[in-house]
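Here is a short report on the fold of one protein chain. Look at the model first, then read on.

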Amino acid sequence: MIAVLAASGAARAIALIGDAWVLRILRSAFRGSTRFSDFMQELGISRAVLSQRLDLMCTQGLLERDASAGGHPRYRLSEMGLELWGVLILMWLWERQRGTGLQDHAHSPDRPRNRLVHRDCGSAIEPRYVCVHCSQAVSPFETEPVLRPSAGDAVAGLDLPSERARYRQSSRSDRENLPRLMRLYGDRWNCFMLAAAFQGARTFSDFQRALALGPAQISDRLSELQALGFLSARAYAGQRQEYRLSPDALATFSITVEMMQWGNRWLWRGQAPLTVRHNSCGHILHAVLDCPHCCKPLSRRNLLLSD
Ligand SMILES: [Zn+2]
Ligand SMILES: [Zn+2]
């Protein structure tokens with residue numbers, strides 16, 4: 001099970017962008033920030049943390065550093081970084097419907113902007129995430145993972161813990177103040193727990209089997225995911241508990257699918273080992289954002305986020 005999860009482009013995407021500051025910097029870059037001082041001003045981030053994140057994001061290919069004009073360098077999204085627009089739009093939608101958009105006290109850079117306009121038809125929209133083959137909305141209940149036979153070799157080449165370790169620096173209290181979605185995607189084990197739940201894990205021993213972690217770690221994760229409102233527990237067979245995905249957790253499915261599509265495209269050489277079948281139509285899922293008003297597919301260039 002853990003091999004299946006680690007083989008996913010989503011796991012690689014999370015290793016790369018699953019950090020609250022990286023996500024905030026990406027969002028700010030999409031809003032047009034390019035200079036060190038733009039990011040500092042918009043995000044209220046310390047000089048040292050910003051400098052470390054920008055360097056890493058350049059090394060990893062998310063940003064390109066341009067010092068050609070002399071003076072201060074500019075940081076621009078690379079093609080690979082720009083292709084994250086779908087992940088960020090789906091996160092925007094989740095925050096708007098279920099997260100910081102509902103909280104008056106949310107840290108201002110984390111509040112979603114008010115309006116997303118589809119320029120082609122001029123409507124303010126909440127996009128849909130649909131299968132290109134059958135146009136049905138993507139749902140966790142209609143999909144199943146498909147692992148390629150060569151996946152074992154690919155998994156053996158993974159080195160995720162060291163990739164994650166490079167971002168580790170936030171103190172516990174900083175972490176606890178993060179918006180819920182960032183606490184989910186900023187922590188690989190929280191993501192794996194949720195992925196196990198999406199694949200049917202319900203009981204303590206299901207999670208233990210799926211993740212091969214010790215009882216204390218599973219117990220911590222279950223408490224954290226309940227506190228964050230992603231899992232709910234109910235009594236089952238006497239003393240035992242059964243854990244269920246909350247509606248907020250079910251709504252993160254499209255974000256994870258989009259991360260997988262991005263990760264499969266950019267973070268593997270050759271074919272990615274894990275894809276998802278869409279049971280509604282039988283095709284390998286290829287999901288896209290579309291406009292609920294005019295039904296046309298969305299692209300980065302025909303969207304406008306504003307307050
Ligand atoms: Zn389909
Ligand atoms: Zn439209």
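Predicted model: local features only at pLDDT ≥ 70, side-chain atom pairs only at ≥ 80, totals over all residues.

Residues are numbered from 1 along each chain as its sequence is written, while chains are lettered from A and ligands numbered from 1 in the order in which they are written.

The protein chain has 16 helices and eleven strands. Both are DSSP runs, numbered from the N terminus: helices are H or I, at least four residues; strands are E, at least two. Of the 307 residues, 35% count as buried. Buried means 20 or more other C-beta atoms within 10 Å of a residue's own, exposed 12 or fewer, partly exposed in between, with C-beta atoms placed from the backbone.

Two helices can be set side by side. The expected span is 1.5 Å times one less than the number of residues.

| Helix | Residues | Length | End-to-end C-alpha span | Expected span |
|---|---|---|---|---|
| α5 | 47–59 | 13 residues | 18 Å | 18 Å |

In α5, R53, L54 and M57 are buried. They fall within an arc of 100° seen down the axis, so they line one face of the helix. The arc is taken from the directions from the helix axis to the C-beta atoms. The face turned away from the buried side of α5 carries exposed R47, A48, D55 and T59. Just after α5, G61 takes a positive phi of about 90°.

Helix α16 has 13 of its 14 residues buried, so it is largely enclosed by the rest of the structure.
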